[in-house]
Amino acid sequence: MPRTRSLAWSELKIGVLAVAALVLAIMIVIAVGGQGGLPWNRYSLKTKFPNVLGLKSGAVVRVAGVDVGKVTEVEFVGAEVQITLQVKEENKVRITDHSRATIGSLSLLGEPIIEISPSAEGVQLKDGDFLIGAKPPGQLADVAENATHTLEEATAIIKDIRAGKGTVGKLFTDEEMYKEINQLVTSTQAVATSINKGSGSLGMLIKDPAAYRQANAALANLQEITRRISAGEGSLGKLLKDDALAKSISSASTNLDQVTGRLSRGEGSAGKLLTDRELYDRFNSVAGRIDKLTTDLEQGQGSAGQLLHDKQLYENMNGAASELKALIGDIRKDPKKYLNVRVSIF
């Protein structure tokens, strides 16, 4: 009996050692080959996406392209998909509230993975915190959608062109516009031919050396004028360069400002004329009287008015003037007849 117990205990020890070795081997394999490391060296994070593009539990989690964990759970939360990640504890310093999670790919057509952008700023995320998910740029679905949209727009443009809409459509379908463009091209060719032959002003400028020399001389004169102006020579140059002239113009402007200010304040005769209401009323009254006087004259009122409008009075005055003129002529011819002076001396 004692020998049988010793054999059973030996077998039991062998079984325990085998199980312990198996567990140790499994832990070593997990520690060496697994993305998440040992369970006590990991912490969990959560993120959300409207579309996970076929992401499954067990997918790789990377930080800056380095495997740091794996996806442990994918589930719906409302209209979005919530993903639970297991990440190595040593990456806490690299994953903060400034980091973003995106869905990447192991290769161009490989299975989806989670990419986390590292950040040295912000607050480190703790176990169970949410990591903000971002839409990755350049997804194949987005490229296909943009290509489809572009093809639809191109198809619509081609339809419009075929229907004769727009300038290009009219160019393809309107016979009259085609003729006009053809005429324009023909005219342009004729102008180019004339220029090449030296016809016209532009042709002579290109072909005639004398015209070229004159144009060159004109440019040289213009350069000389601008040089003199820049050097302060001449009236225009002094206007730009002479400080005294600039001060004089500034002084004149100041004086003009002062004059306008005095006029606005009603100082002086001109200022009172602009601002004094009583003086304005007097001028207005005088203008009214002159207007009434001219109206009376036009209506023939008064002596002056009758003189302007009464033809009989005008003829009488004209006759009296003629008789007076004749009398003065007779007196000049024979003064003794009309001037008889007698002097009596006592």
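Axes are lines fitted to C-alpha atoms, for helices over the stretch in contact, and angles between N-to-C directions run from 0 to 180 degrees. The legends below concern a predicted model, in which local features need pLDDT of at least 70 and side-chain atom pairs count only at pLDDT 80 or more, while totals for chains, interfaces and linings use all residues. Residues are numbered from 1 along each chain as its sequence is written, and side-chain values use heavy atoms, with hydrogens and water left out.

**Figure 1. Overview of the protein.** The protein contains 13 helices and six strands; helices (H or I, at least four residues) and strands (E, at least two) are DSSP runs, numbered from the N terminus. Of its 346 residues, 16% are buried, where buried means under 20% relative accessible area, exposed over 50% and partly exposed in between (1.4 Å probe, protein chains only). Among contacts (heavy atoms within 4.5 Å) with a separation of 6 or more, 51% join residues 24 or more positions apart.

**Figure 2. Helices H3 and H4 pack against each other.** Two packed helices are described by the angle between their axes and the distance between the axes. Helix H3 (residues 166–173) meets helix H4 (residues 175–197) at an angle of about 90 degrees, and the axes are 6 Å apart. The two helices are therefore roughly perpendicular, since that word covers angles of 65 to 115 degrees, with under 35 degrees counted as roughly parallel, over 145 as roughly antiparallel and the rest as oblique. From H3, Thr 167, Lys 170, Leu 171 and Thr 173 take part, and they meet Glu 175, Met 177 and Ile 181 of H4. By class, this contact has three nonpolar, two polar and two charged residues; Ala, Val, Leu, Ile, Met, Phe, Trp, Tyr, Cys and Pro count as nonpolar, Asp, Glu, Lys and Arg as charged, and the others, Gly among them, as polar.

**Figure 3. The largest nonpolar core has 21 residues.** Such a core is a set of buried Ala, Val, Leu, Ile, Met, Phe, Trp, Tyr and Cys residues joined through side-chain atoms within 4.5 Å. Ile 95 and Ile 114 have the most contacts inside this core. Strands S1 (42–49), S2 (60–63), S3 (66–77), S4 (80–88), S5 (101–105) and S6 (112–116) each supply at least two of its residues, and the largest share, four residues, comes from S4. Beyond residues up to four places away in sequence, Ile 114 touches several others, including Phe 49, Leu 55, Val 71, Ile 83 and Leu 85.

**Figure 4. Gln 82 lies in strand S4.** Gln 82 is buried, with a relative accessible area of 8%. Neighbours within four places in sequence aside, Gln 82 is in contact with Lys 46, Thr 47, Lys 48, Glu 73, Val 74, Glu 75, Val 77 and Phe 130.

**Figure 5. The structure holds three salt bridges.** Side chains of opposite charge can pair when their charged atoms come close. A salt bridge is a side-chain nitrogen of Lys or Arg within 4 Å of a carboxyl oxygen of Asp or Glu. In one, the closest N and O atoms of Asp 67 and Arg 62 are 2.8 Å apart; Asp 67 is partly exposed at 35% relative accessibility, whereas Arg 62 is buried at 19%. Another joins Lys 92 and Glu 89 at 3.4 Å, N to O, with Lys 92 partly exposed at 23% and Glu 89 partly exposed at 32%.

**Figure 6. A salt bridge joins Glu 224 and Arg 227.** The N to O distance in this pair is 2.6 Å. Both residues lie in helix H6 (residues 209–231), three residues apart, about one turn of the helix. Glu 224 is partly exposed at 36% relative accessible area, and Arg 227 is partly exposed at 41%.
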